[in-house]
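Take a walk through this fold, one region at a time. Keep the sequence and the 3D view side by side.

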Amino acid sequence: MRNDGVIQFPPAAARAMHAGRLLIPAKLRDARKVARLTQGELGEKIGVTRQAVSAYERGDKSPEPATFQNIAETLGQPVNFFTTPDGPQFGNPSARFYRKVGPDTVRRNDACGVLSDWFVQTAKYFDNFVNYPPVSIPQFEPKQNSERYTFEEIDRIALELRKAWGLGPGPISNVLALLEAKGIVVCRYEMQGENVEAFSFWNGMRAFIFMASEKDAGVRLRYDLAHELGHLVLHRWIEQSEIEDKRSLKEIEAEADKFAGAFLLPSTSFPNEIYTTRLDAFLPLKERWKVSIQAMVYRCRDLDVIDADQALNLYKQISFRRWRKKEPLDDPSKIPIEQPKLLRRVVELVLESGKKHPDDILNELRLSREWIEIFCALPAGTLRGNRSAEIEPTLK
């Protein structure tokens, strides 16, 4: 208490420490990984040495209240994130299907691993209040005890899945909405400065897809979704060690690519619409099937609709027209970019019903408001909580 009689309440970090709730080392490490900072870089930002940060993460030392506050502000998490254990998940995690591994991707994949845990915890929290669509994803394994699928097996599995999901032989109008309806939880997030396309994984009996949001072409995003669906359908039995082996990962990724083409462009219908090998003839097909021209050419080659020389000629034309990175009809006004809606609707239901106030959600999830809004595809500020009431005087 100051001499003037005004009580000085300690800041949040100090209150946590006075209450005996110290920083949990693993939570600091997780938040640092998501920020993609080394221990030395974090130390610079909060005014301590790298050795001090290392000691915090080992649990050998606790930060002073002012340093604790700096950590929370620098890493963008509330203080109670660092002082309470992780929230519950749906079950044991599966392998995460990253598309690249190796020394150049360690920091990025570490961040993605933590984000996927936070994503699962967020979805699990709302599982207490709403009924998610049941998971409806058949599982398959290669025949004859082989570790790899043949092209014919992948094509058959894609057709079986379309039939099981009640899809006809034509184009899928909205891939993302279809996956959410089948119980897959999806979020979009752009990791600044990193080329993260998408990755998928299981947690218990619930399936998740984490998509990059920098895609500016709806067809590419749809193909990414179908690719990740391929992992969920074909590769649930794969172990993380296989993904971390570059040779094995290359084969696994090739299978998911084959599945994406087979799922989006079924062999029982798509080939019947190929009447010429002229490149411009693929433009109306792109508009109808919502698949890139390059992916359609690749699929035609897989199905022997065109031969290797014809495919090579088409790829040369694509390069000549500079369509490798941006094709006609890639503008979102032509083929819209599909958006996740499941978790957004879940949060809206919880708030509209009065089951939870935004402040309750933040306090109980113990994640930053910004991350929860990203995971749930909510407009920024949705969970801001109580706003100042506007005063509107009236005339007598």
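Start at Val48, which sits in the loop between helix H3 (39-46) and H4. Helices here are DSSP runs of H or I with at least four residues, strands are runs of E with at least two, and both are numbered from the N terminus. Val48 touches Gly43, Val53, Tyr56 and Thr67, leaving aside residues up to four places away in sequence. Contact means heavy atoms within 4.5 Å.

A word on what you are viewing. This is a predicted model, in which local features need pLDDT of at least 70 and side-chain atom pairs count only at pLDDT 80 or more, while totals for chains, interfaces and linings use all residues. Residues are numbered from 1 along each chain as its sequence is written, and side-chain values use heavy atoms, with hydrogens and water left out.

Step back to the whole. The protein has 18 helices and three strands. Its C-alpha atoms fill a box of roughly 90 × 70 × 40 Å along the principal axes. Of its 396 residues, 49% are buried. Buried means under 20% relative accessible area, exposed means over 50%, and partly exposed lies in between, with a 1.4 Å probe and protein chains only. Among contacts with a separation of 6 or more, 74% join residues 24 or more positions apart.

Return to H4 and its partner. The axes of helix H2 (residues 25-34) and helix H4 (residues 50-58) come within 6 Å and cross at roughly 125 degrees. Axes are lines fitted to C-alpha atoms, for helices over the stretch in contact, and angles run from 0 to 180 degrees between N-to-C directions. H2 and H4 are therefore oblique to each other. Angles under 35 degrees count as roughly parallel, over 145 as roughly antiparallel, 65 to 115 as roughly perpendicular, and the rest as oblique. H2 brings Pro25, Leu28, Arg29 and Arg32 to the contact, and H4 brings Tyr56, Glu57 and Arg58. By class, that contact has three nonpolar, no polar and four charged residues. Nonpolar covers Ala, Val, Leu, Ile, Met, Phe, Trp, Tyr, Cys and Pro; charged covers Asp, Glu, Lys and Arg; the others, Gly among them, are polar.

Next comes Pro85, in the loop between helix H6 (79-83) and H7. Pro85 is exposed, with a relative accessible area of 58%. Not counting residues up to four places away in sequence, Pro85 touches Ile24, Lys27 and Arg366. Pro85 and Arg366 are 281 residues apart along the chain, yet their C-alpha atoms are separated by 9.5 Å.

Go inside. The largest nonpolar core has 53 residues, and those with the most contacts inside it are Phe82, Leu115, Trp118, Phe119, Phe126 and Phe375. Such a core is a set of buried Ala, Val, Leu, Ile, Met, Phe, Trp, Tyr and Cys residues joined through side-chain atoms within 4.5 Å. Helix H7 (residues 106-127) gives the most to this core, with ten residues. What does Phe375 touch, beyond residues up to four places away in sequence? Its contacts include Leu115, Trp118, Phe119, Val186 and Phe210. A second, separate core of 51 residues includes Ile172, Leu179, Ile209 and Trp323.

Now find H8 and H12. The axes of helix H8 (residues 151-164) and helix H12 (residues 246-264) come within 9 Å and cross at roughly 45 degrees. That makes H8 oblique to H12. Their contact includes Phe151, Ile154 and Leu161 of H8 and Phe259, Ala262 and Phe263 of H12. Its residues divide into nine nonpolar, no polar and four charged.

Finish around H14. Lys290 is found in the loop between helix H13 (282-289) and helix H14 (293-302). Lys290 is not a glycine, but has a positive phi of about 55 degrees. Lys290 is partly exposed, with a relative accessible area of 23%. H14 itself is mostly covered, with eight of its ten residues buried. Those buried residues pack against H8, helix H10 (218-234), H12, H13 and H15. After H14 comes Asp304, whose phi is positive, near 60 degrees.
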